[in-house]
Amino acid sequence: MKVVLFCGGYGMRMRNGAADDVPKPMAMVGPRPLIWHVMRYYAHFGHTEFILCLGYGAAHIKNFFLNYQETISNDFVLRNGQAELLSTDIADWTITFVQTGIESPIGERLRRVRDYLDGDEMFLANYADVLSDVPLPDMIERFSNTDAGASMMVVPPQSSFHCVEMDEGGKVGSITAVSEMPLWENGGYFVLRQEVFDHIPENGDLVADGCGELAKRGRLLAYPYRGFWKPTDTVKERAALDNAYTHGDRPWALWEKHPAASIA
């Protein structure tokens with residue numbers, strides 16, 4: 001299945017200043033940028049055709065892949081000054097780079113790459129800024145066994161805050177952690193059918209417009225997941241993932257744990 005990655009936003013909370021024009025998917029986690037980890041996750045399950053929806057900082061993403069160095073994350077033999085790779089990352093990947101606008105919302109970015117999907121009935125999509133070990137084959141199978149127009153992974157709220165229930169006089173009845181409440185939020189992993197395009201207007205949004213309309217029609221499927229899921233909306237969150245990688249705590253790197261299961 002083709003994988004559409006939205007990697008053209010500003011990522012303002014991840015930037016170090018006005019002069020920092022590196023898009024959020026290019027933030028480093030270990031020796032590779034975030035977008036590589038997301039793509040490697042999909043490739044582990046055999047999905048190696050990627051469509052990158054570029055926008056802000058597109059040159060950084062293009063240059064990374066145009067000058068990709070396999071030796072950084074693969075074993076090799078140096079013979080007569082030439083590196084002979086013992087394994088490879090992206091040799092079998094097909095990556096389509098599409099400029100989808102600097103200010104375009106997610107839905108419009110998706111609309112602008114529709115032609116590159118070749119009319120495939122189903123395809124995958126991701127914000128390219130979240131890491132997870134969600135069992136993708138199961139998510140796809142559950143969706144394919146229905147006639148829904150879209151499926152989105154949903155996760156428990158990540159906030160560390162507490163909600164307070166009180167009466168009109170201000171007397172507190174209960175205090176509940178947001179993460180323990182019966183609420184779910186968008187996890188950023190999607191399985192979509194072409195039908196979703198029928199509900200995204202020009203300059204529309206994938207979730208608010210596309211998924212919102214499908215939900216009204218009873219055609220949106222949720223995939224609840226309580227396993228590992230980490231966003232990188234802030235510098236602190238990215239730094240935490242980088243630190244975890246350094247210490248060998250990287251549950252999203254399924255290709256390291258189960259290499260034999262990888263189809264790529």
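These legends describe close-up views of a predicted model.

**View 1. Seven strands form an open sheet.** The strand order is S7-S4-S1-S8-S13-S10-S14. Pairing is mixed. Strand S7 (94-99) and strand S14 (220-224) stand at the edges. Each has a single partner strand, so one side of each lacks a neighbour in the sheet. From one strand to the next, the twist averages 25°.

**View 2. Helix H1 packs on the sheet.** H1 covers residues 34-44. The helix touches strand S1 (2-7), strand S4 (49-54), S7, strand S8 (122-126) and S13. The direction of H1 makes about 165° with that of S1.

**View 3. Helix H5 lies across S1, S10, S13 and S14.** H5 spans residues 206-216. The helix runs at about 70° to S13. Asn203 sits in the loop between S13 and H5. Its phi is near 60°, a positive value in a residue other than glycine. Asn203 is partly exposed, with a relative accessible area of 48%.

**View 4. Strands S10 and S13 run antiparallel.** S10 holds residues 150-155, and S13 holds residues 185-193. Five bridges join the two strands. Ser151 has Val191 in S13 as its bridge partner.

**View 5. Strands S11 and S12 make a hairpin.** Five bridges join these antiparallel strands. Five residues lie between the strands of the hairpin. Gly170 takes a positive phi near 95° in this hairpin. Cys163 lies in S11 and stands opposite Thr176 in S12. Leaving aside neighbours within four places in sequence, Cys163 is in contact with Ser174, Ile175, Thr176, Val178 and Met181. Cys163 is partly exposed, at 33% relative accessible area. Cys163 and Arg238 are 75 residues apart in sequence. Their C-alpha atoms are 26 Å apart in space.

**View 6. A nonpolar patch lies on the surface.** Val164, Met166, Val172 and Ile175 form this patch. Together they have about 400 Å² of accessible area. Strand S11 (162-166) and strand S12 (172-177) each supply at least two residues of the patch. Val164 belongs to S11. With a relative accessible area of 48%, Val164 is partly exposed. Ile175 is also one of the contacts of Cys163.

**View 7. Ala128 takes a positive phi in a loop.** The loop runs between S8 and strand S9 (130-132). Phi of Ala128 is near 65°, and the residue is not glycine. Is Ala128 buried or exposed? Ala128 counts as buried, because its relative accessibility is 0%, under the 20% cut-off.

**View 8. Lys2 forms salt bridges with Glu49 and Asp120.** Side chains of opposite charge can pair when their charged atoms come close. For Lys2 and Glu49, the closest N and O atoms are 3.9 Å apart. Lys2 lies in strand S1 and Glu49 in strand S4, so this pair ties together parts that are 47 residues apart in sequence. For Lys2 and Asp120, the closest N and O atoms are 2.7 Å apart. This second pair links distant parts of the chain, 118 residues apart. Asp120 is in the loop between helix H3 (106-112) and S8. Lys2 is buried, with a relative accessible area of 8%. Glu49 counts as partly exposed at 38%, and Asp120 is partly exposed at 22%. Lys2, Glu49, Asp118 and Asp120 are linked in a network of salt bridges.

**View 9. Arg193 and Glu121 meet in a salt bridge.** The N to O distance between the side chains is 3.3 Å. Arg193 is in strand S13, and Glu121 is in the loop between H3 and S8. The pair links distant parts of the chain, 72 residues apart. Which of these residues is buried and which is exposed? Arg193 counts as buried at 11% relative accessibility, whereas Glu121 is exposed, with a relative accessible area of 53%. The structure holds 16 salt bridges.

Notes. Residues are numbered from 1 along each chain as its sequence is written. This is a predicted model: local features need pLDDT of at least 70, side-chain atom pairs count only at pLDDT 80 or more; totals for chains, interfaces and linings use all residues. Side-chain values use heavy atoms; hydrogens and water are left out. Two strands pair if DSSP finds at least two bridges between them. Helices (H or I, at least four residues) and strands (E, at least two) are DSSP runs, numbered from the N terminus. Axes are lines fitted to C-alpha atoms, for helices over the stretch in contact, and angles run from 0 to 180 degrees between N-to-C directions. Contact means heavy atoms within 4.5 Å. Patches are made of residues with over 30% relative accessible area and no salt bridge: like charges are joined within 9 Å, nonpolar side chains (Val, Leu, Ile, Met, Phe, Trp, Tyr) within 5 Å. Accessible areas come from the Shrake-Rupley method with a 1.4 Å probe; for residues, only the protein chains shown count as cover. A salt bridge is a side-chain nitrogen of Lys or Arg within 4 Å of a carboxyl oxygen of Asp or Glu. Buried means under 20% relative accessible area, exposed over 50%, partly exposed in between (1.4 Å probe, protein chains only).
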